[in-house]
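Subject: Structure for you to look at

Hello,

Here is the structure I said I would pass on. My notes on it follow below.

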Amino acid sequence: MKAAIYGGPLDITVGERADPVLTSPTDAIVRVTLACVCGSDLWYYRGLSPHDLGAIGHEFIGIVDEVGADVRDLRPGDLVVTPFLADILAGEINPGRVFDFETDLDHVVEGYQAMDERRAIKSLVRVAAE
């Protein structure tokens, strides 16, 4: 699968990662359809905080593909949003007011650059066809 990869300060690329597998009965596999660059990721991007080399990013919207045996609140096909987008689903926040830069996964570094240079507050990353 494709992912944004952190290679060190100012080094974000797109690369292939192994497909996820369930390793614990409490795991869920989510197919990311939309993601965004989080402002907290800029600390790593700028080299001001440590981050392991490898996949980066934690804000996304996706579809549950598979769940472990002990998962009770999610089912394959469910839409999930992390960490905030309930207010967005309820229509209380317009995502157009949140995202002011848009790109795709192949150009994710542009999202980091736009936020780092303060040309954008939040970058929407289109990951897969909707």
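The largest pocket holds about 840 Å³ of space. A pocket here is an open set of points on a 1 Å grid over the protein atoms alone, where a 1.4 Å probe fits and protein lies on both sides within 12 Å along at least five of seven lines. Points are joined across faces, edges and corners, and the volume is the space filled by probe spheres set on them. Rolling a probe the size of a water molecule over the atoms shows where empty space is left.

Before going on, please note that this is a predicted model, in which local features need pLDDT of at least 70 and side-chain atom pairs count only at pLDDT 80 or more, while totals for chains, interfaces and linings use all residues. Residues are numbered from 1 along each chain as its sequence is written, and side-chain values use heavy atoms, with hydrogens and water left out.

The lining of the largest pocket consists of 31 residues, a lining residue being one with an atom within 4 Å of a point. Nearest the centre are Met1, Lys2, Ala3, Val30 and Val32. Two or more lining residues come from each of strand 1 (2-6), strand 3 (28-37), strand 5 (59-67) and helix 3 (108-116). The biggest contribution, eight residues, is that of strand 3. Sorted by class, the lining has 20 nonpolar, three polar and eight charged residues. In this sorting Ala, Val, Leu, Ile, Met, Phe, Trp, Tyr, Cys and Pro are nonpolar, Asp, Glu, Lys and Arg are charged, and the others, Gly among them, are polar.

As for the fold, the protein has three helices and eight strands, which follow the pattern β-β-β-α-β-β-β-α-β-α-β along the sequence.

Of the 130 residues, 32% count as buried. Buried means under 20% relative accessible area, exposed means over 50%, and partly exposed is in between (1.4 Å probe, protein chains only). The accessible surface comes to about 7900 Å², with 52% of it belonging to carbon and sulfur atoms; the areas come from the Shrake-Rupley method with a 1.4 Å probe.

Next, the interior. In soluble globular proteins, nonpolar side chains tend to be buried together.

Some single residues are worth a look. Contact below means heavy atoms within 4.5 Å, and neighbours up to four places away in sequence are left aside.

- Ile56 touches Ala4, Ile5, Tyr6, Ile12, Asp41, Tyr44, His51 and Tyr112.
- Thr33 sits in strand 3 and is buried, at 14% relative accessible area. Its contacts are Ile61, Gly62, Ile63, Arg126, Val127 and Ala128.
- Gly62, in strand 5, has a relative accessible area of 0%, so it counts as buried. Gly62 is in contact with Val30, Arg31, Val32, Thr33, Asp78, Leu79 and Val80.
- Gly54 belongs to strand 4 (residues 54-55) and is buried at 9% relative accessibility. Gly54 is in contact with Ala4, Ile5, Tyr6 and Arg17.

Then there are the loops. Leu10 lies between strand 1 and strand 2 (12-16) and is exposed, with a relative accessible area of 57%. Its phi is near 60 degrees, a positive value in a residue other than glycine. Arg118 also has phi near 60 degrees; this residue is in the loop between helix 3 and strand 8 (123-126) and is exposed at 71% relative accessibility. Arg119 lies in the loop between helix 3 and strand 8 and is exposed at 51%. Arg119 is in contact with Phe101, Glu110, Gln113 and Ala114.

Regards

Technical notes. Helices (H or I, at least four residues) and strands (E, at least two) are DSSP runs, numbered from the N terminus.
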